[in-house]
Amino acid sequence: MKNTSLIVLVAVVMLSALTGCSSKQTVSASTIREVHVAADIPISYTPKEEPVKYNNETRKVVYLTFDDGPGIYTPQVLDILNQNHIHATFFLVGPHAQQYPKFVSLELQEGDYVG
């Protein structure tokens, strides 16, 4: 599970770098902690339901989503996802989808969800 988390983290960092996200668009862990403390929200999360079990094995689920695509880096993102056997949901923007229709088809062919 730690390897999967690391892979997802690396993918997110790579995508942020590739899409030109600036530090103004990201939120640091210390900022999140400050917001939680100010709002008196516990930092740790305890699920109210029991984790889902598959084949008598408890599994955690992570949903990986990408917004505002597709773009010129979509094939690289899809390669990273495929190499690590990860599926994602891509939320598309109409003009981008019209500009890169082959990338939309590729997302669907590779088993990802498109919204």
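User: Hi! How are α3 and α5 oriented to each other: roughly parallel or roughly antiparallel?

Analyst: Hi! This is a predicted model, and in it α3 and α5 are roughly parallel to each other. Their axes cross at roughly 10° and come within 10 Å. Angles under 35 degrees count as roughly parallel, so this pair falls in that class.

User: Nice. Which residues make the contact?

Analyst: On the α3 side you have Thr74, Pro75 and Leu78. From α5 come Phe103, Leu106 and Glu107.

User: And how do the residues of that contact divide into nonpolar, polar and charged?

Analyst: For α3 with α5 there are 4 nonpolar residues, 1 polar and 1 charged.

User: Switching to the sheet. What is the strand order?

Analyst: The order is β3-β4-β5, an open sheet of 3 strands with parallel pairing.

User: Which ones are the edge strands?

Analyst: β3, covering 65-69, and β5, covering 113-114. Each of these pairs on one side only.

User: How many bridges join β3 to β4?

Analyst: There are 4 bridges between β3 and β4, the latter being residues 89-92, and the two strands run parallel. Looking at particular partners, Thr65 is bridged to Thr89 in β4, while Gly69 has Leu92 of β4 as its partner.

Technical notes. Residues numbered from 1 in each chain as written. Predicted model: local features only at pLDDT ≥ 70, side-chain atom pairs only at ≥ 80, totals over all residues. Heavy atoms only, no water. Axes fitted to C-alpha atoms, helices over the stretch in contact; angles between N-to-C directions. Parallel < 35°, antiparallel > 145°, perpendicular 65-115°, else oblique. Contact = heavy atoms within 4.5 Å. Nonpolar A, V, L, I, M, F, W, Y, C, P; charged D, E, K, R; others polar. Pairing = 2+ DSSP bridges.
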